[in-house]
Structures are given as C-alpha cells and as structure tokens.
Amino acid sequence: MRSTLYTISIVIFFSSCAINKLTGKNQLSLVSDQEILHTSDSLYKDYLNKHTVLNNRDNNDVQMVERVGNRIVKSVNKYYSDNGMQSSLNDYKWEYHLVQDSAVNAWCMPGGKIVVYTGILTMVESEAELAVIMGHEVSHALLNHGNQRLSQSVLLSLGSLAVSTAVEKKSTKAKRNIEIAYGISTQIGLALPFSRKHEFEADKFGLLWAAMAGYDPNVAIPLWKRMSENNVAIPEFLRTHPTEVNRIEALKKNMPEAMKYYKN
C-alpha cells in the first residue's frame, strides 16, 4: 500500500497546474485549453443538432435568454478588461440558446457555449433570477471547472490502477475490499468536496456578473431556496452541491461585494 500511495503522490506531484486569472490560484490542468475548447465546440454543435433549439425571435423567452446572455457577456468582458485579463477570453466565442427540454437545467461549456432549458424557466420568477443562473453557469466555464474535473478524474483513475496493481497478489476478497474502500474514500474525500467547492465559486462570481449586468443579485437567495426545495434530503458529504443552509450562508457572505457592482 505504501508503494501505491507513493505512486499516486508522484503522479500528482508531476501533474500540470495552471493559474486561473479570475481567482489567481493554481488549478489542476492535465488537458490543454485548446483540446478542451475543440472538444467542447464539437460536443456543443452535436448537442444542438440533436435537440430542439428555439430560434423564434418573437418568442419572449428566447428574447429574454438572448438579452440576459448579452448583458452577462458584456459584464464579463468589462471585468476582464478592467483587470488586465482580456487576453484570457480570446478563444471565447459566446453563444446562448434556449432548448426545448423539461429538465430544470442550464449549462455553459468551455469557450462560452451556453444552453438554457425551457424547464428551468418554470422555476424563474424574474429576468434577474435568470441572470443569476446564467452568471453561475458562465462562471463554471471561466473558472475552468470542466478541465479541473476531467483532470481529477484522470488522477483518480491512475490511483485506482495503482491500487489494483499493489494488491494483485492478495486474495480476491481482500482485493475487492481494498478497491471498494479506495473508491468510496476518493469519492467522499476528494470528488464530492471538489464539486461542492466549484458550486460555491460559481455562485460567488455569478453574483458579480449579474450585478454588473444591472440585475439585483439579492434575488439569488430566494431563487436557490426555491431550486433546492425538491432536492432529496441527504447529508452534504454525499452531495455534489452544497446544502441549502451552507449555500445561502455563502451567498449572504458574498453579497456585499456583488452589491458594489450593482447600479439599479
């Protein structure tokens, strides 16, 4: 087992890291941005080809998604420009589409490829709330969360391989127990906390983009409360997302900074 841990440590030590301009912090990055952007662009086009994209410019919801998207992107560009980071957005080709789907969901791929599902609009009570949602999803892309999660998955797979190699001479039962223990411990101890951290980060910057776009960020609190009402009550350590209490607490903590950018 010691050799396994040593192997994992060596892999992690030599893993590539990159500094994210938005946070100023090192991030795990085993895949190049160009590879991520190329793959994301292909997947995005394939997704749009296979789903019903609402393009009627007379549709109020389509207009709202486009209007909010334009304002959020304008805010992001201004923030990056004001902070000398504009070159970080050179490869971003922003798009935003409303897709006919009853799922309560929205997402943004690396490179600024945004999709809003019609299902999530049933949970939205104002344009400002949609801005908070789209700002949150845009933040996932700007923070390179997709690359980080992919990189973490690679490392965990290498760790799993190292564990399997280290216990190959043990009994079948012992091997199975060790491999199960590794899977559970890495999921609860690494993967899920990693995911929750990303949600907190996206919430924080999502407030900023919405506020800079002229939307009251305070709507985020009732919005996320409402969004979480249908969630199954499970302990936070088993969640990909924070609990409502912790999420709201973090939103309140970040609200004063967001309000500095809000001009009503």
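Is Glu-199 buried or exposed? Glu-199 has a relative accessibility of 4%, so it counts as buried. Buried here means under 20% relative accessible area, exposed means over 50%, and partly exposed is in between, with a 1.4 Å probe and protein chains only.

Okay, some ground rules before we go on. This is a predicted model, where local features need pLDDT of at least 70 and side-chain atom pairs count only at pLDDT 80 or more, while totals for chains, interfaces and linings use all residues. Residues are numbered from 1 along each chain as its sequence is written, and side-chain values use heavy atoms, with hydrogens and water left out.

Let's do the overview. The protein chain has nine helices and six strands. Those are DSSP runs, numbered from the N terminus: helices are H or I with at least four residues, strands are E with at least two. Of the 264 residues, 45% count as buried. The chain exposes about 14300 Å², and carbon and sulfur atoms supply 53% of that; the areas come from the Shrake-Rupley method with a 1.4 Å probe, and for residues only the protein chains shown count as cover. Now take contacts (heavy atoms within 4.5 Å). Among those between residues at least 6 apart in sequence, 69% join residues at least 24 apart.

Back to Glu-199. You'll find Glu-199 in helix H7, residues 172-212. Its side chain makes a polar contact with the side chain of His-140, at 3.3 Å. By polar contact I mean a pair of N or O atoms within 3.5 Å; within protein, one must be able to donate a hydrogen and the other to accept it, and residues adjacent in sequence count only if both atoms are side-chain atoms.

A salt bridge, for us, is a side-chain nitrogen of Lys or Arg within 4 Å of a carboxyl oxygen of Asp or Glu. The general idea is that side chains of opposite charge can pair when their charged atoms come close.

Which other residue pairs with Arg-247? That's Asp-203, in a salt bridge of 2.6 Å, N to O. Asp-203 lies in H7 and Arg-247 in H9, so here the parts tied together are 44 residues apart in sequence. Asp-203 is buried, with a relative accessible area of 6%, and Arg-247 counts as buried at 9%.

While we're on H9, let's look along that helix. H9 has 16 residues and reaches 21 Å from first C-alpha to last, close to the 22 Å expected at 1.5 Å a residue. The expected span is 1.5 Å times one less than the number of residues. There's a kink of about 35 degrees at Lys-253, shortly before the proline Pro-256. The bend at a residue is the angle between axes fitted to the seven residues ending there and the seven starting there. Buried residues of H9 include Ile-248, Leu-251 and Met-255.

Now, how many salt bridges does a search of the whole structure find? It finds 11. One of them joins Lys-78 and Asp-82, at 2.7 Å, N to O. The two are four residues apart in helix H3, residues 60-82, so they are separated by about one helical turn. An α-helix has 3.6 residues a turn, so residues three or four places apart point the same way. Lys-78 counts as partly exposed at 48%, and Asp-82 as exposed at 51%.

What about the rest of H3? Its 23 residues should span 33 Å, and its end C-alpha atoms are 33 Å apart, which agrees. Among the buried residues of H3 are Val-65, Val-68, Ile-72 and Tyr-79. At the start of H3, a side-chain oxygen of Asn-59 reaches to within 2.7 Å of the backbone nitrogen of Asp-61. After H3 comes Gly-84, whose phi is positive, near 65 degrees.

Last stop, a loop. Gln-100 is found between strand E4 (95-99) and strand E5 (106-109), and at 46% it counts as partly exposed. Leaving out residues up to four places away in sequence, Gln-100 touches Thr-52, Leu-54 and Thr-118. Its side chain also makes a polar contact with the side chain of Thr-118, at 3.4 Å.
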